Amino acid sequence: MFSADDHRYMSLALHLAEQGLYSTDPNPRVGCAIVVDGEIVGQGWHRAAGEAHAEVHALQQADERAKGATAYVTLEPCSHHGRTPPCADALIAAGVARVVVAMPDPSPKVAGQGLERLKAAGIEVAVGLMQQQAEQLNPGFISRFKRGRPYVRCKLAMSLDGRTAMASGESKWISSAVSRLDVQRLRARSSVIVTGIGTVLADDPRMNARLEFDIKQPDRVVVDTNLRMPVGAAMLSQQGVTWLANDSQDQQIRSGLEQAGARLLDVTAQNGHINLTALLSALQDLEYNEVLLESGPSLSGAFMQAGLIDELIVYMAPHLMGHGGNALLHLPGIESMQDRIALQMTELKQIGDDLRLTYKLALQTG
């Protein structure tokens, strides 16, 4: 169904989509290339929510040359009026002859309707070219509509002997400067960073992304059941929203934190701990696509034991910190080999002197 040229031009569209990695949230990253007789006449990508979509940018560049062309798009063209008009209509009006789409749009506002609109206009439509690569660009957008929750990455740093802090609590810095820069890119592509109140009280982090180019800063969520957040916490003065996931009814504390700039996210608690499934559901309602979990071993361990971590990213530094240091995750109840949580490595990469290990939960333990 697909030729070598089709693969080449879709690869270009995917590369274009990557240009929006740090800016399109909550919209998906989408790229488009328009080709006539082997010549690329239009290129575009979606830059930010509320701005023109990838197809519109590419069509504007192609102008009249779009007539009879093939458009390569990484996500099904939209068919509804949102903040911008339907891209399917723009392709039809431009007179393209063929549209090659990497993947259908999981949003119920589209969900095949864009493809049907193109077909009804007499345009040849082909779907599924390099779909896996397209899905990897937008795991959170897909997860929100298919699973009703964001995609969750958990980032951890440890020594070779699996410690995340010395016995005294000292933890700066386990990983190298190169790894810490890599983490900034992880933060920048995330919709929201989730941490625990213990991390805030211990380190007073800013939890923002510090890079040398413009990005859309992620928001932040502090899991803070009883609202212990200091009104002078550093993250309350950062760009974006800081949510406090809580189950507190203390109106005086709530009012003081709101005046300090915090936003309160009321989530049910069980046994004194925020219900993490309910938390992710609330984040889905707020249209967050990708969650980066940066927290201590207790909260990270709770997410892991609840089966809510989609991707575990561990930076392993080449040093030893001793048996008295903090473990990577707090996982109570694992007492025998059959209780183990099995992981599947998806990537191993050297970052400076460190190793970055990426895992997904395995389908079966053993």
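Is C87 buried or exposed? C87 is buried, at 1% relative accessibility, where buried means under 20% relative accessible area, exposed over 50% and partly exposed in between (1.4 Å probe, protein chains only). Bear in mind that this is a predicted model, where local features need pLDDT of at least 70 and side-chain atom pairs count only at pLDDT 80 or more, while totals for chains, interfaces and linings use all residues. Residues are numbered from 1 along each chain as its sequence is written, and side-chain values use heavy atoms, with hydrogens and water left out.

**Cysteines**
- Taking a disulfide as a pair of cysteine sulfur atoms within 2.5 Å, the count comes to 0.
- C78 is in no disulfide, and its nearest cysteine sulfur, that of C87, is 3.7 Å away.
- That 3.7 Å between the sulfurs of C87 and C78 is too far for a bond.
- C78 is buried too, with a relative accessible area of 7%.

- Most residues other than glycine have a negative phi, and most peptide bonds are trans.
- The D25 to P26 peptide bond is cis, with omega near 5°, and P26 sits in the loop between α1 (4–18) and β1 (31–36); helices (H or I, at least four residues) and strands (E, at least two) are DSSP runs, numbered from the N terminus.
- N271, not a glycine, has a positive phi of about 55°; it lies in the loop between β12 (269–270) and β13 (273–274) and is exposed at 78%.
- E287, also not a glycine, has a positive phi of about 65°; it is in the loop between α10 (276–285) and β14 (290–293) and is partly exposed at 42%.
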